[in-house]
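Student: Hi, this one is new to me. Please take me through it bit by bit.

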Amino acid sequence: MGGTPTDLKLIDENGRRLDGRLPDEMRPLKIEAGVLSRADGSAYVEWGLNKVMAAVYGPRECHPRHLQNPERALVQCNYNMASFSVDDRKRPGPDRRSHEISKIISEALTHVVFTEYFPRTSIDVYIEVLQANAGTRCAGLTAASVALADAGVPMRDLVASCAAGKVADTVVVDLAKEEDNFGQADIPLGYVPRTGEIVLLQMDGDLTSDQFNKGISMAMEGCKKVYEVQRDALKRRYEVRSAGTELEVLGAAPAKEGM
Amino acid sequence: MSKDVVADLKRDHIAKLLEKGIRTDGRKFEEMRPLTVETNFIGSAEGSARVRLGDTQVVVGVKLILGEPFADTPNSGVLTTNAELIPMASDTFEGGPPDQESIEVARVIDRGIREGHAVDLDKLCIEPGKEVWIMFVDVHVLDYDGNLFDAANIGANAAFKTAIVPAKRAGKGEDYPLPVKHQPISLTAVKIDGKILVDPSHDEERVADARLTVATIENGNLCAMQKGLDGAFTLDEVFKVVDLSRRIGEDIRSRL
C-alpha cells in the first residue's frame, strides 16, 4: 500500500469514491460465456475497466506427466497479463506475482471441480488479462468458473470472487486502481455461494478486527452479486428456444462442416 | 508447438470439396471470412484493436516508451513487434518462450508494417542519437482458426490509426496522434492440390502444401512477402496471389 498523494481524495465529503461509487457499490460487471471457438469452454468478463478472458481445455492428457494423479484430475490454472494491459508495458511472460495468482486460483477451482471423475487428466484453465484496473485475480477466478461450467466440467458450484478493502479509513467493496494503489488494505475473496465456503482469501495492508469483519462480509455480499451475473451468463448461453425448436440450444457451437 | 495430426479422411474431404469448387465453410476460393475490427479496445494501450476474422480472434496493443535509438538509425524511433501464441488460443500452443511459429508470425507482421512504412519512424525521434520513442506492437492471439498473419496485420493497421503518442505523460509536450504514413495490408493464400485459397482456416492451413503472404500499400506496390511450408508455387501462382493481395488489400483498407 503506497502513500497517498496529498491532493488525491479517495472519499469525498458526501462519502463518494473517486469514480462516484458509494462504499458498498460495485463496478459494473458483464459476463459472456462461450466466446472462443477452439477452447472447450470460455468466458469473457468486463468488470469496471478490467477486461479478462478465460479458456478451459480438458479434461485432457496431463502434462508434465509426473504431475499425473492416478486418483483425480489436476486443475492447472495459468494467469497471464498481456503486455499492453497496464500503463507501463509489462514484459511478456510469467513473473512471481502471476505464478502465485495461478496457484491460488488453481486451488480455489480444484475445490469445486469433481476431480475424482477424471483420474490422470489435467483440466487446463487459461486466464488472460487484457486490460487491468485492480481486482484482476477476482475477475480471473470469476471468468474461470464460468469457463469451466461452459466446458461442461462437473462442479459442486461456481466460485464467485470479489474484493473489499480500506481507503481513507473507510471499508469499501471492489477496489478500483487508484484505491488499490493508494488505499490502506485489500482483501480478495473467492466464495462458494451454495455452501458458504471460502476458497480464496488474501489480505494485505492494515485493518482492525472490526474493519476486517466488515470487509469480509462486504466482499461476500459482492460475491453473491457476482454469482447472479455468472449464472445469468450461463443461462443466456444455454437458453433453450421455446417456439417449436425445443431441442435447439442457442449457445451450442454451430455445427461445422465436418467429416 | 506440438504438431497437429490431420486425419487422412479430413484431408480427402477438403480436397474433394475443392475439386467441386467449394471450401468446407462454403466460401469461394477468393473470399475472405467475415471481418470485424474494434479499435480502442484496450484503454491501457496507446492504440489497440480487437480483430475477428472468422473464428480467429486477436488483440493488438501498441505501447510507446522513451528509449535510445539504434546507433545506425539515430534519427528514427524503434519498432518492436511481438506475437504471443498463448495456450488459450489453441490446444497446440504451449506456454514458455516464443517458438519458431510465434517468431515467424511476429516477423512477417513486423516486415509488413516496417517495410510498408505504416508509421513514420523519423517522426518518433525526440533528440537525434539520444532519445526516441520505442514502439511495441504486441499481438495477443485469443482464438486460433488460421491466418494469424492477416488478422494481426489488420489489427496493427487499425491500432496505429487510433494510437496516440503519450508525450504529455513523459513530459515531452502535448500528446499527438501516431504519425501514420501508409497502410500496408497483407493477404495470405494457401495452395492445396494446385488450388489457391485466400484467408485459410485452421484446417486448410494444416493440409496446405504451401503458403504465401503478400503485403501491399495504397498505390499497389509490394512491401513484404513470405512464403511458407514445404510445397512450391509456380510463377503464375505467385502473380495471382500478388494480384489478389492488391485487390483484397484495397477493400480491407477502405474498411479500416
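Tutor: Happy to! Helices (H or I, at least four residues) and strands (E, at least two) are DSSP runs, numbered from the N terminus. This is a predicted model, where local features need pLDDT of at least 70 and side-chain atom pairs count only at pLDDT 80 or more, while totals for chains, interfaces and linings use all residues. Residues are numbered from 1 along each chain as its sequence is written, with chains lettered from A and ligands numbered from 1 in the order in which they are written.

Student: Where does A:Pro64 lie?

Tutor: A:Pro64 is in the loop between S3 and strand S4 (74-81) of chain A.

Student: Which strand holds A:Val56, then?

Tutor: A:Val56 belongs to strand S3 (residues 50-61) of chain A.

Student: Buried or exposed?

Tutor: A:Val56 is buried, because 29 other C-beta atoms lie within 10 Å. The cut-offs are 20 or more other C-beta atoms within 10 Å for buried, 12 or fewer for exposed, and partly exposed in between, with C-beta atoms placed from the backbone.

Student: What does A:Val56 touch?

Tutor: Leaving out residues up to four places away in sequence, its contacts include A:Ala39, A:Ile123, A:Val125 and A:Ala151. Contact here means C-beta atoms, placed from the backbone, within 7 Å.

Student: How many residues are in the largest nonpolar core?

Tutor: It has 145 residues, and A:Val125 and A:Ala143 have the most contacts inside it. Such a core is a set of buried Ala, Val, Leu, Ile, Met, Phe, Trp, Tyr and Cys residues joined through C-beta atoms within 7 Å. Among the residues that A:Val125 touches are A:Ala54, A:Val75, A:Leu109 and A:Leu148.

Student: New topic: why is strand S6 of chain A largely enclosed?

Tutor: Since 8 of the 8 residues of S6 (residues 160-167) are buried, the rest of the structure largely encloses this strand. A:Ala160, A:Cys162, A:Ala164 and A:Lys166 are on one side, with A:Ser161, A:Ala163, A:Gly165 and A:Val167 on the other.

Student: How many bridges pair S6(A) with S8?

Tutor: There are 7, in the antiparallel sense, with S8 covering residues 185-192 of chain A. Pairing requires at least two bridges found by DSSP between the strands. In S8(A), A:Leu189 stands opposite A:Cys162.

Student: What do S6(A) and S7(A) form?

Tutor: A hairpin with 2 residues between the strands, where A:Ala168 in the turn has a positive phi of about 45 degrees. The two strands pair antiparallel over 4 bridges, S7 being residues 170-173. A:Val172 in S7(A) is opposite A:Gly165.

Student: What about the phi of A:Arg120?

Tutor: A:Arg120 has a positive phi of about 70 degrees although it is not a glycine. A:Arg120 is in the loop between helix H1 (96-112) and strand S5 (121-131) of chain A. A:Arg120 counts as partly exposed, with 15 C-beta neighbours inside 10 Å.

Conventions: Contact = placed C-beta atoms within 7 Å.
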